Each structure stands twice: as structure tokens, then as C-alpha cells.
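Hi,

Here is the structure I said I would pass on.

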Amino acid sequence: MDSQDPFRDSDYLQKNQYRDSSNLDARAALHRQFSTATADWQPWVFDLLRLEPGMRVLECGCGPGWLWRQNVDRIPAGCQITLTDLSPGMVAEAEAALAGSGHQFSFQPANIQALDFADGTFDVVVANHMLYHVPDLAQGLAAVQRVLKPNGRLIAATNGDEHMKELPLLVPEAVRQKVASWRMRGMAGQLPFRLENGRSLLAPFFAQIEQHLYEDSLWVTDADALVAYAFSMIKPEMEVPETAVAHLRELWAAKIAADGGIHISKQSGVFVATR
Ligand SMILES: C[S@@+](CC[C@H](N)C(=O)[O-])C[C@H]1O[C@@H](n2cnc3c(N)ncnc32)[C@H](O)[C@@H]1O
């Protein structure tokens, strides 16, 4: 692993980036506010789980539990759902939101690389927008395979190389130079686990793999929301000069005033992999 890569630095992810949901929410807010999709993301993903009454489900990297919070009225009777995340803060937020929902949820901090469940426990394992954070992905996928029942399914959401591809182009060279040590969200290049390579990374562990693509793009009409998104994944030691932030904000506000908005491509989807 590249120890400078904040994307796969578990210590940084747990103690800083995902200590709570505030950074994740800055990014989700941009998608919530400016999406052009006809269907919301979380219900679209939930449909792909194809849950039936009484199923046992594990979510790895559950974050604040949005998948379940936004689909709470659609969970079939008798499902037992275990929500886990590397970050205890995320698990606590998920628990605070879902504990009184009337469904059988349990909550515990857990690293996908070291799942402490018996072999063949779950019908479905969910790993949404988190496999690209796992330092030893093969170890994580082997753990998922082990805890799935025969014919059990992994649901794994991620992005493709076209996702937010315009964002780096919206940053002038002068600003980039001022923040040379900082990698803006969307400028990090290819994700370790992405739509383009997910199938081949999953293939050693699963018999059958489907890919489902989510149609969406952004039409952003608020410069502040785009700035918040762009600066939502930096390490504390990567100092970003306030002048550079202000410059970007002005530049993007002017573009929005002139064009009515900023178009940004999205490329997200889900792998459904059967054991
Ligand atoms: C981008 S967030 C996605 C949260 C949620 N799945 C969603 O889609 O809203 C990634 C989550 O994965 C968690 N995570 C990162 N590495 C992990 C690991 N090795 N094991 C379990 N969770 C991890 C983070 O703490 C964070 O909550």
C-alpha cells in the first residue's frame, strides 16, 4: 500500500476522515442536491439486495446506515441485519438512527479484513463504496466469501474512471501548484476497486458476477457545495491555503453565474457477486 494514499490509510480513515459522517455528508450532499437521476441511489441499491423475509444480512463499511435509514419501510419481516464499520463513530451514528426502527439490527465496529462471524452465516453481504479503501482487498474478499452461505451474494457499489472527471479540469494550474501536496477529491486517479476492474478482482472468490450501472450526472448551481466536496478528503497535515480555496470559490461562482450551472459526469454502479 502507498502509505501516502489517504484512500487506503486505515488509521487516517478511522480516526479522521470517517471519525463521523461529516466528510461523507459533504460529498453526499452534492449528489443529493444536484443529481439529475430519476431514481434515488439508496432505493436503487436496495432493490438489488433482493431481500426476502428472514434473511441474514451483513453490511461492511455501513457508514451512518443510510442504506437502511432510507429504506426502513421496505425491509422484509424477520431479516436480521448486522451493521459494521471500521469507524466506531459511524457505527454509533447508524445505531442511534436505527436501533428503535422495529427491525432486528445489531451493530459492531469491524474491519472487513477480519470478520468475526462463523462460516456460512449470511445470505447477503453489502460493501458499498468501501472496497476501494481496503488495504488488503484479497483478504477482505476472502473473509466475505467465508461468512456467506453457499449461493449467498455480495452487493458491492463503486465508481468508474469517468466519475466526476470534470472536477480536476475545473481547477486552474495556479491553484494546483499552491496545493501540490494535496490531492483533491476526484483528482486521485483510478480507484483500487472500480467499475473497470471490479469483475476481475471479484472473480477468484465468486462463481457469478453481474454489473448494474446507475444513470446519473450533476448540474451544480452552488459553488460552496462544490468547494465542500472538493476539500472533503484531505489529511490534516496537508495545509491548503485559504487564498486557494477562496480563488476556487470565486471561479466556480462566476462559471455558475455565466452558464447557469456546472455539469459533472457520474459513473457509479453495483456488482452483484454470487458465491
Ligand atoms: C465512502 S464510506 C461509505 C459508507 C456507506 N457504505 C455508504 O455507502 O454510504 C466508506 C466507509 O467504509 C468504512 N471503511 C473503510 N475501510 C474499512 C474497512 N477496512 N473495514 C470496514 N469498514 C471500512 C469507512 O469507515 C466508511 O464509513
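How do the residues of the shell around the ligand divide into nonpolar, polar and charged? Eleven are nonpolar, nine are polar and one is charged. The shell holds 21 residues, and the closest to the ligand are Y18, G61, G63, L86 and M130. Before you read on, keep in mind that this is a predicted model.

Next, the strands. Strand 2 covers residues 80–85, and five of its six residues are buried, so you will find it mostly covered. On one side, four bridges pair strand 2 with strand 1 (residues 56–59) in the parallel sense. If you want a landmark there, R56 stands opposite Q80 of strand 2. Strand 2 also runs parallel to strand 3 (residues 104–109), with six bridges joining them. In that pairing, T84 has Q108 in strand 3 as its bridge partner.

Then the packing. In soluble globular proteins, nonpolar side chains tend to be buried together. Here the largest nonpolar core has 48 residues, and the members touching the most others are V125, V126, A127, V144, V147, L154 and A156. Strand 5 (residues 148–159) supplies the largest share of this core, with five residues. Take V125 if you want to look around inside: leaving out residues up to four places away in sequence, V125 touches L58, C60, V144, V147, L148 and L154. There is also another core, apart from that one, with eleven residues that include L30, M164, L226 and L248.

Most residues other than glycine have a negative phi. M164 is not a glycine, yet its phi is positive, at about 55°. You will find M164 in the loop between strand 5 and helix 7 (173–178). Is M164 buried or exposed? It is buried, because 20 other C-beta atoms lie within 10 Å of its own, and 20 or more is what the cut-off asks for.

H129 is another non-glycine residue with a positive phi, in this case near 50°. H129 sits in the loop between strand 4 (122–126) and helix 6 (137–147). H129 has 19 C-beta neighbours inside 10 Å, so it counts as partly exposed.

R27 is in helix 2 (residues 22–34), and is partly exposed because it has 19 other C-beta atoms within 10 Å. What does R27 contact, leaving aside its neighbours within four places in sequence? The contacts are Y229 and S232. R27 and A230 are 203 residues apart along the chain, but their C-alpha atoms are separated by 8.2 Å.

H247, in helix 10 (residues 242–259), gives you another pair to check. From H247 to F271 there are 24 residues in sequence and 39 Å in space, C-alpha to C-alpha. H247 itself has 16 C-beta neighbours inside 10 Å and therefore counts as partly exposed.

That is what I have for now.

Cheers

Technical notes: Residues numbered from 1 in each chain as written. Predicted model: local features only at pLDDT ≥ 70, side-chain atom pairs only at ≥ 80, totals over all residues. Near = placed C-beta within 6 Å. Nonpolar A, V, L, I, M, F, W, Y, C, P; charged D, E, K, R; others polar. Buried ≥ 20, exposed ≤ 12 C-beta atoms within 10 Å, placed from the backbone. Helix = DSSP H or I, 4+ residues; strand = E, 2+ residues; numbered from the N terminus. Pairing = 2+ DSSP bridges. Core = buried A, V, L, I, M, F, W, Y, C linked by C-beta atoms within 7 Å. Contact = placed C-beta atoms within 7 Å.
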